[in-house]
Amino acid sequence: MISAQARHRCRVQLQGYLFIAPWLLGFFAFVAGPMLFSVLLGFYQWNGITPFDASHASFVGLDNYGRMFRHDPLFWKSLWNTLYYAGFSVPLGICVSLLLAVLLNVKVRGIAFFRTAYYIPHVVGGVATIMMWSWVFNPDFGGLNLILHKTGIVALGQWAIDTVPGVKTFLDNHNIAWPPLWLADAFWAKPAIIIMSIWGAGAGMLIYLAGLNAIPKHLYEVAEIDGAGRVRQFFAITIPMLTPTIFFHLVMNIIGSFQVFSQAYLMTGGGPDNATLFYVLYLYQKAFQHFEMGYASALAWVLFAIIMMLTLLVIRSSRLWVYYEGEKN
Amino acid sequence: MARVQPNFWGFKNRRKRVRKVLTLILLCLLALVFILPFYWSVVASLSSLADVYASPPRLWPSTLSVGNYKAAMTVLPFHLFIFNSFYISLFSVTGQVLCASLAGFGFARMRFRGRDAWFVVLLATMMLPAQVTMIPHYQIFRALGWLDSFKPLIVPCFLGGAQGAFYIFLMRQFFKTIPVELEEAARIDGCSSFRIYWDIMLPLAMPAVAAVAVLGFIQHWQDLMRPLIYLSSHELFPVSLGLNMFQSMHGGRPQYMLAASNLTLIPILVAFFAAQKYFVEGITLTGLKG
Amino acid sequence: MSTSTTKAFLVGLIVVLVLMSVFRPKAAHPLRDDQTVVTFAFWGSYTDWAMIREIVDLFHASNPDIWVKMKYVPANYGDMIQLMLSSDVAPDVFMMEDEPIPAFAEYEKFADLSRFVLAPDSPVDWEDGFWPTATASFTYAGQILGLPIWGGNNLIYYNRSMFRELGVPFPEDDWTMDEFVDTCRALTRDLDGDGVVDTYGFSLPSYWLYFLPFTWTLGASYLNADFTDWAFVGPEAVNATQFYRDLRYKYRVSPAVTCALPNLQNRMEGALFEIGRIGMMTGGSWSSPGLLRGGVDFDVVHIPFGPSGKRYTRVTWDALCMFYKCPHPEEAWRLMAFFASEEAQGIVGRYTRSIPALKASADTFIRPDNGWSEEKFIEAMEYARLQPITKEFMRMFQVVDAAYNKLLANRISAEDAVKMMAAGVYDERDPIFPILEGK
């Protein structure tokens, strides 16, 4: 006989699995198989066109991984490009979207308009955005360099290059063009793409807005009565109560920015001089332009390992800084 | 208890008003930067190229005409594309909201063995670049005979596919912030887990549901890769593919593309404008707090 | 969920979803029992789509026993074809450009068309019917892998109204490189005197294949005659590379490149050309429909003669290929042959986007009332050359592209760029050249 308590425990277990059952079903039906297949592919040499069988795919063991670390300079280059991008875009993205959300979380007439306006960059997306940015970054006719010219920043920079000792040699040694050539120059292309990514902070803003409004209002009322100022309220209530959202955004930003692809794919093709050849773009080229699906799979799993390590680090550390209202015991 | 400060001079109110005005000014300035692309594409689609690429840029076009819009709408069956996009997006979002809220609730509020491990698996599904799983995915849907139909686009959304992990994670985070007392009270009243999810938690998580719905809608509206892979008859094309028909490497008219893209943005902007109030109608039920 | 509005919303949603399902568009075409289905994949802009539909409609009219199921791929065509080939569900007939042909040919997924093309009763005249570069582009290792349907070469477009405004005489067809540079200089002006150049002479192509006419005309060549080894060395190579760089940094007649991606750069270039900020650009006939629709007053001029008194331009072709597992090769071949027939090639010519692959249909491309000299594209076939396409084209492209990126950002000299390319293609870790068994 099973005791009532055990039966109850069993039912709770089952209920938990029932809630995640749709996802589990989808995982086993559509996701797990292709993922396992790609693990396998990482140990093979296969072109991705002919059937995956003995006559067209050869088992190469760990050779794909060895090649990556020992013989492939573009692997290191693309990894560095991706780290550079993630290193700037993750923290900047979080700060900007959080600040926007706080700004927009006021009750004034017409706030709906502002919320929509700030979200527009994320909505417009696609072709229109790319056309606009290509104009903004055009070195000779574009809007950004025009502003730099009119505000005297170009002249100031030129003055510094001409008079301040060491600046010119520094710029020359590091191949930094002035005024910036943006997407056409290896130094400026990455900052340009980071600027683009920050400007699309609307999606993050949306999530923070939802998070902000999930904070019980009475906490602020109590704090106000206690005489806490705006700034103190922000750091003592808003930030701690938002930590679950920040945690979410941080994890998603890490996962997303390490897989940055479309901006480079649509605007630079990885150039100039491979300066925007991000990891996934390189992997895509290997898989679909150089017909090295096996090698691409190995590349993918190395990226997977890197992202997984960082994510686990964040999850581990989250016990120290994430506060869940629903788990305070 | 708290000290209530007397407020004879109305200082506090005036400071509040000043702060509000300052915030508004800041909001306006920033809004200019963020709205620029949309403005730019509207101007470009309504006027000539010369205005758009003028330097210094002209803020107001010298000529206005809806010719590009007319041309864009007549050369392609855009009404069909818009219908298809609505069809795909509405079904997908419905599936996504259901699946994400269920699984999100499960991961946040249910205790079961292996929960945390499964959660890491959930995150892991987002970490592998889609490029290397594209071929087996395609083969699964081919084996099911689903190619050139909406099924490969919609069915996975009900099962947590198509970036479903992102939304499940989002919902989980929100369910975790809801005070535990509510749930305990309901359990004592003998509510089942599903009742707690459906009657108590889901209404409280409306801001997150709205966020999932809006983000999901836009994701499916803009999605290019999956429709590109699975659809081949142009009668089934959504707008994202339709827009690409204007985008040819050579000889395309960017103005047509911008006009068409602006038209297809209208539904999303309306949806967002309508939904945005739900983000701010969050937990205002302070009375519930024990 | 309890509130009545939520309930109303849910009910409304369900009603909408059900209604949409009922009125959902159906892709299926009612097939007759006696019809064979031939699937056909192609890419292109909406005008190409319209043109291809027109041709297929015509084919249906004369071939009632075949139904062509069109698979239109509006983006990432190469990836999608690879995806379908790898799953062995490729369309029976599919369009391919010449660049990836040798690389794809390695995998034996294309049917050898020789048995149809060279058959005694073949409707196509392979030896003399097509432009010679067109048939050469799709003959690989003794096999005929594609039936060319259309293509084009590059000439120099110039904006007539801009020339008139600046008082610069229109270029002559027998001009030289020096005259080209002089014209560029005359077009480069600071109109308002603020120290910033307002109009430029020539748009520097970031896509180095678009610069091939100049490279070749200056006497340099990337590959040897039989495309097995790298040949971009010596003074000619440095000289041609120097010219690429000098247009921007010595003569200062070209604006900076906006970005390295050809697609985007071309669009930017087209826009700047259209509004009269750039006087000249290279382009194929495919650029003309957009410019005509935009009401631009433009014309094309031949490539200038080089120091040796010769000139060259690049030519590129599209073809129809057949999947090796195609279940109805006879029917598929009928569709392909129809595309290469005079009837269909006449439609291709009429759209003036591309030059018909069939020589006999060349005059359909020339339209007397267009107001510009499209016939020069036909004339230029005389000096058109095949691009340096081998099975290693993609990797070579990246090596060359990276060197030119550095060159055009003024980071390295022409000598260094040439050295960088040679080092890249001979990199001992993974050498690209020499190719032993090649085209």
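Here is a walk through a predicted model, from its chains to a few single residues.

Let's start with chain C. This chain contains 18 helices and 13 strands. Its radius of gyration is 25 Å, close to the 22 Å that the globule rule gives for 439 residues, so chain C is as compact as a globular protein of that length. Of the 439 residues in chain C, 62% are buried. Now look at who touches whom: of the contacts with a separation of 6 or more, 74% are between residues 24 or more positions apart. As for charge, chain C carries 38 positive and 57 negative side chains, with the centres of the two sets 7 Å apart.

Next comes chain A. Here you'll find 15 helices and 2 strands. The radius of gyration of chain A is 25 Å, well over the 20 Å that the globule rule gives for 329 residues, so this chain is more spread out than a compact globule. The box around its C-alpha atoms is roughly 85 × 75 × 35 Å along the principal axes. Even so, 59% of the 329 residues in chain A are buried. Its accessible surface comes to about 14000 Å², with 69% belonging to carbon and sulfur atoms. Chain A has 19 positive and 14 negative side chains, and the centres of those two sets lie 12 Å apart.

So how do the chains meet? The size of an interface is often given as the accessible area lost when the parts come together. Between chain A and chain B, about 9300 Å² is buried, 77% of it on carbon and sulfur atoms. On the chain A side, Phe19(A), Trp23(A) and Phe30(A) lose the most area to chain B, together 10% of what that side buries. This contact takes 97 residues from chain A and 106 residues from chain B.

Chain C and chain A also meet, with 36 residues from chain C and 41 residues from chain A taking part. The area buried between chain C and chain A is about 3400 Å², and carbon and sulfur atoms give 59% of that.

Now zoom in on helix 7 of chain B, which covers residues 151-158. Pro152(B), Leu153(B), Ile154(B), Pro156(B) and Cys157(B) are buried in this helix. What do the buried residues of helix 7 pack against? Their partners are helix 1 (4-41) of chain A, plus helix 4 (78-109), helix 6 (134-143), helix 11 (206-222) and helix 12 (225-230) of chain B. After helix 7 comes Gly160(B), with a positive phi near 75°.

Helix 4 of chain B also holds Asn84(B). Is Asn84(B) buried or exposed? With 0% relative accessibility, Asn84(B) counts as buried. Setting aside its neighbours within four places in sequence, Asn84(B) is in contact with residues including Phe150(B), Glu235(B) and, over in another chain, Pro25(C).

Over in chain A, Thr268(A) sits in the loop between helix 13 (262-267) and helix 14 (279-288). Thr268(A) is buried too, at a relative accessible area of 2%. Not counting residues up to four places away in sequence, Thr268(A) touches Leu183(A), Ile193(A), Gln263(A), Thr276(A), Ala260(C) and Leu261(C).

Most residues other than glycine have a negative phi, and most peptide bonds are trans. Asn274(A), in the loop between helix 13 and helix 14 of chain A, has a positive phi of about 60° although it is not a glycine. Asp148(B) is another non-glycine residue with a positive phi, about 55°. Asp148(B) lies in the loop between helix 6 and helix 7 of chain B, and at 16% relative accessibility it counts as buried. In chain C, a cis peptide bond joins Phe433(C) and Pro434(C), with omega about -5°. You can find Pro434(C) in the segment after helix 18 (414-425) of chain C.

Methods. Residues are numbered from 1 along each chain as its sequence is written. Chains are lettered from A and ligands numbered from 1 in the order in which they are written. This is a predicted model: local features need pLDDT of at least 70, side-chain atom pairs count only at pLDDT 80 or more; totals for chains, interfaces and linings use all residues. Side-chain values use heavy atoms; hydrogens and water are left out. Helices (H or I, at least four residues) and strands (E, at least two) are DSSP runs, numbered from the N terminus. The radius of gyration is taken over C-alpha atoms; the globule rule is 2.2 Å times the number of residues to the power 0.38. Buried means under 20% relative accessible area, exposed over 50%, partly exposed in between (1.4 Å probe, protein chains only). Contact means heavy atoms within 4.5 Å. Lys and Arg count as positive and Asp and Glu as negative; His and the chain ends are not counted. The place of a charge is taken as NZ of Lys, CZ of Arg, CG of Asp or CD of Glu. Accessible areas come from the Shrake-Rupley method with a 1.4 Å probe; for residues, only the protein chains shown count as cover. Buried area is the accessible area (1.4 Å probe) that two parts lose on being put together, summed over both.
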